[in-house]
Every structure is written in structure tokens, then in C-alpha cells.
Amino acid sequence: METLLTANQASHQSREARKTRDYGVGLPARRAAVGLLTAILVKGQPLDDALVNSPASREMLSMAERDRGLARAIVSTAIRHKGQLDAVLDAFIDKPLPKSSGPLREILLVAACQLLFLNTPAHAAIDLAVHQAKQDRNARHFDRLANAVLRRVASEGPALVKEQNGPRLNTPAWLWERWVKIYGEGTAQRIAQANMAAAALDLTVKQDPAAWARRLNGIALDPGSVRLSSPGRIEGLEGYDEGGWWVQDAAAALPARLLGAIADKHVADLCAAPGGKSAQLAVAGARVTCVDSSKRRLVRLNENMARLDMDVTTVVADAAKWTPDEPFDAVLLDAPCSGTGTLRRHPDIAHLKGPKDLKKLAALQERLLRHAITILRPGGVLVYCTCSLEPEEGEMQIERLLDDFAHISIDPIRPDEVFGHGGWINGQGFLRTLPYDLVIDAHESSGIDGFFAARLIIGQA
Ligand SMILES: C[S@@+](CC[C@H](N)C(=O)[O-])C[C@H]1O[C@@H](n2cnc3c(N)ncnc32)[C@H](O)[C@@H]1O
């Protein structure tokens, strides 16, 4: 269909086309950042998912690595500081933006994030945002508003940010309120503060953490992790191809170790993919059966095991129903959970999950746990763990199980099994780490995922 343009429209279009060329360096990254933020905040898609399966991820395929990195950095910073950014923007927007403004809110968030937290020169962040607004058929009616609001963000925003309680604002109310209730306000504030920093990269090594720490310029953490502060591309790191290590937070590496000496024992890893804990069990010499309900995730587990040159058996099944031919000596149940202990790595979780998800997940965990105790031999050991800070997914699950089954007892976890950190073990002998735990001299490499783990012994039913 032919489109007739007035002389004015034609000259406007060619001006915009020129600008698009001029903005060549910065525009693709900002466009991708707005697309990813929209996927998370409007469509409810997790960031990891949006990075491989969204219109923005498809655009990113043709972008330079530098631009892709910038887009990711903007999005994770914006999500981590979302409460603060919203508060600053709202101070300069008189009435709520109408639905008809399209991606305007996300465009403003991306620009404000650059102005307030990424040291981007004001003219660049504002011009790119206004240009993006003009290019969108809905947001274009608000280009002047975008310009006016962002100018105020640039000039008055930094003073507002100084006065804010960032950790409090950046924690959605549902999480803040429950953490205050469970842990008290001081601890909730420390958890929320820790969540504002991106986590370092931890590797679990097959052997000799000190030697790997030297090779990779990292810090060796007892008893078998290496921490890297600015690692770059994981596949490019020394030792990746030779399968000397795998990515796993130092806290996530604790539960598998709680099974103790498992050489030659038959161990079931329930909910195993992508296999971080399966690899630990295999290194410890166990005969490992990995069960997961996701075929796709088990394919990834198998790829990981091939790289690491490890041999495990895999089963695609619902672990709440699957029954083996022979009972196991030990079971590790790393149950699917809300992941609220991993917000340093996955800040989007706080905005995607809510109390309803918690209820559903707790019901699934209960089914998995109650089935897991049936596939163990008498005297067998069960380690149950979740990367959640919520007692419904941890302590309460075990307490209910113990109330209902007299033949199950707690085998208390000892400080020497968890880096010597007695403070991580509660009065019942359960492991409970919080994201601000594991303080290491340089602040940027401190912290650990929030994990719960309990070790149980199965008696005669
Ligand atoms: C926390 S992740 C496991 C991480 C893994 N243990 C590791 O260390 O790499 C939870 C896993 O549970 C799986 N899952 C969820 N529901 C399940 C079920 N009913 N039966 C078996 N696996 C399930 C998911 O596919 C996911 O891979």
C-alpha cells in the first residue's frame, strides 16, 4: 500500500532517521533494556527466560557483545533499584501514566537508572529516552513529558536518592513485611541491603581450590569453592573446557556435603537439574541417580556431566511419585522453591513471585518430602534443602514431617560441616544462611545465597 506523506512528515521522518543513525552506539542497548524490562514487569517473564526468549532477546542476537552487556547491566541495576527509581520518578510525575502510554514507564526507568546509578551523562540518557519515546506509536505522545521528567531526575534526583532507605524501598511490600515478621526489622534491613549488590561468581572445583584460585585470580573458600569478583564470560574462563569446575554458589554447595561419606553408596538426587549438586555427589564417589520432571533441564544436566566427565543415571519423572526398584542409602531433595534466598543473582524474583506462589510451592515441597522418605532404606539419610528465606519452605516443612512420622529424626548439622560457622545452624540443628553471611575482607566479594537445609535419619517405619 502506498503511503503519502506531507512535506512536514517526510522531513520529520528523515530527521528521526538521521538521529537513529547518530544514536547508533547507544540506542540498541537501551531498546533491548526497555524490551527486557517490559518482559519482566509487564509480562511477568523471568529475566533469564527473557534473555533467550523474547522480542528483545531476538534483537540482541545482532548486537555487539558490548551492547548486550550494557543492556543486561541496565536491566539488572534497574530491577535491583526499582523501588528507588519509582519513588524518584513519581516525585516528578503529577498523575499516573495512562495505559495508552505504551512502554513509557519502562523507558523512564531505563533512563533514570542510568542517570542515578550508572553515571551515564545526562544528555545521552535523556536524548536516547526521548528518541525512544518518539519512535513508539503510543509513547510518542508523551515525549515532552519524558524530557521534562528526566531533566528533573538528572538535576534533583541524586539529592532524593541520598535521603532514601534504598533496601526498604527496593524490597516489595509482601517480602519486606514477612521478613520483618520472621527475622525482625534489623535483620530484614540487612537482608535487603545485601540483595542490592550483585553476587560474585562462585565455582565448585573438583579438587585443589587453592590452585584454582591462583589460576583464576580468585579467592579459595573452604571447603571447595573459588570466588571470582569480575569473571567475564564463563565459557572463556580457564578450566571450563577441561571440566575442572562448575558454577555453584558457596551456600548451594553445602547441602550435598551434609550427606557425609557417600563413596560407593547409592544416592538419589531428587529435583536434580541442572546438576550442581549431582556433580558434587559424583565427585564424592557415589552412584548417583538424578531425577527431574523437566526433560529439557535434564538435557542440560547431561551436557554438564559430559563436560565434567562424570557418570550419573538420569530419570525424567515426578519425584513426588517416582519409585525405584531398590531403596536408596541417601537422598538429596533440593526442592523447587520461591528462590527468595537468591535475589542477589535473580533480583527479578522479588517482582515476579508472591504469597500465592509460596503456598503452591510449599504444597509441592510437602508432597516431595513425604514421598522422599519412602524411597530410603531404614537408617538412610535424607538432606532436604531450598534456596528460600521463607520458613514455609524450610523449617516448617521439617517440623510438620517430624510431627507426622515418628520414625524420622533430625541429625543435627555441625559447625565443622559449614565452614565452621556455628551461627548458621539454628537450635534445631538446621542450616539457615542469609544473603549477608560470609563476610570477606573486600566487600564486593562478600555474601552467600540464603539457604535452608536439614538432615534427617530414617528409622524403622
Ligand atoms: C532448585 S532446582 C534444582 C537445582 C539442582 N538441584 C542443582 O543443584 O543444580 C529445582 C528443580 O526441580 C525440578 N522439579 C520441579 N518439580 C519437580 C517434580 N515434581 N519432580 C521432579 N523434579 C521437579 C525443576 O525442573 C528444577 O530442575
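**Strands, helices and a buried cysteine**

Strand 6 (residues 287-292) and strand 7 (residues 313-316) run parallel and are joined by four bridges, where two strands count as paired if DSSP finds at least two bridges between them. The helices (H or I, at least four residues) and strands (E, at least two) named here are DSSP runs, numbered from the N terminus. The model is a predicted one, in which local features need pLDDT of at least 70 and side-chain atom pairs count only at pLDDT 80 or more, while totals for chains, interfaces and linings use all residues. Residues are numbered from 1 along each chain as its sequence is written, and side-chain values use heavy atoms, with hydrogens and water left out.

Within this pair of strands, Asp 292 has Val 316 of strand 7 as its bridge partner. Together with helix 16 (residues 295-308), strand 6 and strand 7 make a right-handed β-α-β unit; right-handed means that, with the strands pointing away from the viewer, the path from the first strand over the helix to the second runs clockwise.

Leaving aside neighbours within four places in sequence, Cys 271 is in contact (heavy atoms within 4.5 Å) with Val 291, Asp 292, Leu 333, Asp 334, Ala 335, Pro 336 and Leu 368. Cys 271 is buried, with a relative accessible area of 17%, since buried means under 20% relative accessible area, exposed over 50% and partly exposed in between, using a 1.4 Å probe and protein chains only.

Turning to the helices, helix 6 (residues 82-92) is mostly covered, with eight of its eleven residues buried, and what covers these buried residues includes helix 2 (27-41), helix 5 (65-80) and helix 7 (104-117). Helix 6 and helix 7 pack at an angle of about 105 degrees, with their axes 10 Å apart; axes are lines fitted to C-alpha atoms, for helices over the stretch in contact, and angles run from 0 to 180 degrees between N-to-C directions. The two helices, helix 6 and helix 7, are therefore roughly perpendicular to each other, because angles of 65 to 115 degrees count as roughly perpendicular, under 35 as roughly parallel, over 145 as roughly antiparallel and the rest as oblique.
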